[in-house]
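Biologist: I've just opened this one and I'm new to it. Could you walk me through how to read it?

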Amino acid sequence: MKNLEEKIFKIIMIGAAIIILGVLIYIIGTICYKGLPALTWDMITKLPGGGFYLGKEGGVLNAIVGSIYIVFGSLAISLIISVPLVMYINFYLPHNSLLSNVIRFSLDILFWIPSIVYGAFGFALMVYLGIKASLIGGIITVAMLIMPILMRSLDEVTRLLSRDLPDALLSLGATKYEMIKVLIRQLMPGLITAILLAIGRGIGDAATVLFTAGYTDNIPSSLTQPAATLPLSIFFQLGSPVEEVQNRAYASAIILTLIILALSFSARYFSSKFSKNKI
Amino acid sequence: MHRIRAIKDKTARHFMLGIAIFTILFLIVIGLSLFFKALPIIKEKNLWELLTSANWKPSKGDFGFLPYIISTIYVSLIAILIALPLSILTSIYLNSYASKNIRRFFEPVVDLLSGIPPVIYGVWGTLTIVPLISNKIAPNFVEFSTGYTVLAGGIVLAVMIIPLLISIMVEVFRSIPREMTDASLSMGATKWQTVKKVILRKSFPGMIAATVLALSRAFGETMAVLMVCGNITQIPHSFFDACYPLPALIANNYGEMLSIPNYESALMLAALLLFTIVVLFNGLSRFTLNQIERRFQFS
């Protein structure tokens with residue numbers, strides 16, 4: 001009797017795992033099946049031509065470049081803030097001090113705030129500062145979104161770091177600042193993993209850039225010009241009644257999915273490398 | 001030489017402290033600015049009335065959030081009901097049954113599911129789930145459904161929160177001391193009995209915390225849900241009615257509403273609601289998780 005129950009539940013559990021695996025394959029399969037026929041070299045290398053949204057010539061280079069600009073801009077901002085912060089929590093503040101707990105709790109909340117709230121806040125902030133929907137608006141808002149992601153994953157690897165190396169450095173007479181310069185090198189693979197994760201989230205999120213970055217058919221040449229983004233380009237093309245345009249939405253979806261796949265696998269590669277090198 | 005090193009060290013320390021304070025302030029600033037932006041409408045109408053009225057006519061000054069709140073709750077509940085059993089079963093399997101190779105194979109699966117952008121989930125939903133509901137499922141229950149429904153939103157959202165639930169639950173299961181499960185197994189209990197009587201019971205608070213976090217993510221999910229749930233302002237009466245969750249309301253109307261009085265303030269109230277839910281739910285789950293950590297620390 002108890003063996004029967006054992007068997008039944010094992011089968012149910014394996015079933016659940018297979019369903020989840022199946023859904024992943026189903027999603028990627030659907031996107032590829034629909035998108036591959038429409039995926040051409042032009043999609044990646046050309047800007048939208050005249051009548052693009054009626055099914056004529058062109059590609060989504062504007063959105064690809066716009067997304068890259070926004071993600072790397074926001075990455076730069078959030079790196080400047082998150083790396084020092086994580087170092088501060090881990091090496092300057094005493095272990096489990098009140099301040100570090102308060103910071104970690106705020107980071108937790110920032111991490112869980114929905115991207116649409118960042119989008120709305122970002123837009124309100126831009127109105128307040130008198131900035132129109134533009135590259136810089138998108139960069140600031142996406143930076144808010146990916147900063148907590150970056151901090152949390154960096155904090156996780158930093159916490160795992162053995163305390164021996166910092167102690168050895170300090171006992172050799174290094175200042176804390178010099179110690180951190182050495183430790184950063186030690187943390188590099190973890191930092192890269194965190195960066196890749198953050199890029200993945202930043203490049204795929206639509207709700208943050210919906211009001212803040214605007215949309216354009218050109219590549220922005222200054223920070224104050226609007227910028228197109230890949231998720232929004234998928235969203236807008238999908239909303240078109242023209243079939244060719246819809247197919248292009250699927251092709252753009254493949255491009256985005258491929259970017260995410262590449263980021264995810266490189267993140268995995270770096271984090272496995274990290275666990276091997278750990279002292 | 002010494003002095004320069006000391007100055008560098010001191011500057012770095014102050015810079016870092018500044019950033020630390022900035023981060024905490026940033027959270028407070030978001031909350032406060034949402035609150036002050038929402039204040040005009042809260043002052044004009046009473047908050048309770050705003051939350052419980054179903055009358056939404058911005059041009060006439062009627063802002064009743066009830067349809068949006070109910071839609072959000074329905075969609076999220078369906079998502080949790082679908083995702084929770086699947087995630088619990090899979091996490092137990094990965095934690096107690098699966099071989100190391102299967103576990104290693106499953107990690108990137110969960111990673112990828114959590115990495116896929118919302119908009120891709122939305123495209124997948126409109127391509128597969130929506131027609132499935134419209135052609136296969138709905139005809140068994142109602143006369144006609146476009147497929148852009150509460151159910152479609154719930155299913156897509158379920159897939160999106162599964163990786164989140166699994167990764168938290170695997171952590172929670174892992175935090176159970178090995179001695180406990182070993183003791184149970186050595187008394188002759190089968191694996192499933194150990195899971196049922198030891199692991200599930202011990203990790204119950206952790207599972208609640210995971211569920212609460214997943215719910216707060218579900219409430220705020222925008223793009224994917226917006227693409228499959230129909231976006232019609234009404235209180236949905238069945239799974240096969242279209243609905244209009246709060247994040248979709250903000251996404252569809254924000255930026256275009258500046259000419260109608262109080263409209264912006266109303267949408268900011270929607271954002272404030274989401275923000276408040278996230279803060280509350282996070283505090284709750286953090287409290288529970290801390291309790292767990294404390295309980296297992298010395299055992």
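**Reading the helices**

Modeller: Let's start with helix H5 (residues 115-129) of chain A, which has 15 residues and reaches 21 Å from its first C-alpha to its last, close to the 21 Å expected at 1.5 Å a residue. Helices (H or I, at least four residues) and strands (E, at least two) are DSSP runs, numbered from the N terminus, and the expected span of a helix is 1.5 Å times one less than its number of residues. This is a predicted model: local features need pLDDT of at least 70, side-chain atom pairs count only at pLDDT 80 or more, and totals for chains, interfaces and linings use all residues. Residues are numbered from 1 along each chain as its sequence is written, while chains are lettered from A and ligands numbered from 1 in the order in which they are written.

Biologist: Is H5(A) mostly covered or mostly exposed?

Modeller: A residue is buried if 20 or more other C-beta atoms lie within 10 Å of its own, exposed if 12 or fewer, and partly exposed in between, with C-beta atoms placed from the backbone. H5(A) is mostly covered, with 11 of its 15 residues buried. Among them are Tyr118(A), Phe121(A) and Met126(A). Just past the helix, Gly130(A) takes a positive phi of about 80°.

Biologist: What about helix H6 of chain B: how does its span fit its 25 residues?

Modeller: H6 (residues 150-174) of chain B should span 36 Å at 1.5 Å a residue, and its end C-alpha atoms are 35 Å apart, so the two agree. There's a bend, though, of about 35° at Ile161(B), and Pro163(B) follows within four residues. The bend at a residue is the angle between axes fitted to the seven residues ending there and the seven starting there. H6(B) is mostly covered too, with 21 of its 25 residues buried.

Biologist: Why does Arg174(B) count as exposed?

Modeller: Arg174(B), found in H6 of chain B, is exposed because it has 11 other C-beta atoms within 10 Å.

Biologist: Which residues touch the most other members of the largest nonpolar core?

Modeller: In soluble globular proteins, nonpolar side chains tend to be buried together. Here a nonpolar core is a set of buried Ala, Val, Leu, Ile, Met, Phe, Trp, Tyr and Cys residues joined through C-beta atoms within 7 Å. Of the 180 residues in the largest one, Ala120(A), Val156(B), Cys229(B), Ala270(B) and Ala271(B) touch the most other members. H6(B) supplies the largest share of this core, 18 residues.

Biologist: And how many residues of chain B are in contact with chain A?

Modeller: Two residues are in contact if their C-beta atoms, placed from the backbone, lie within 7 Å. By that rule, 67 residues of chain B are in contact with 65 residues of chain A. Helix H1 (residues 2-44) of chain B gives the most to chain B's side, with 18 residues.

Biologist: How is chain B divided into domains?

Modeller: Domain bounds come from an automatic or database domain assignment, which gives chain B domain 1 (2-44) and domain 2 (52-297). Their C-alpha centres lie 31 Å apart, and 10 residues of domain 1 are in contact with 9 residues of domain 2. Overall, chain B has 12 helices and 2 strands.
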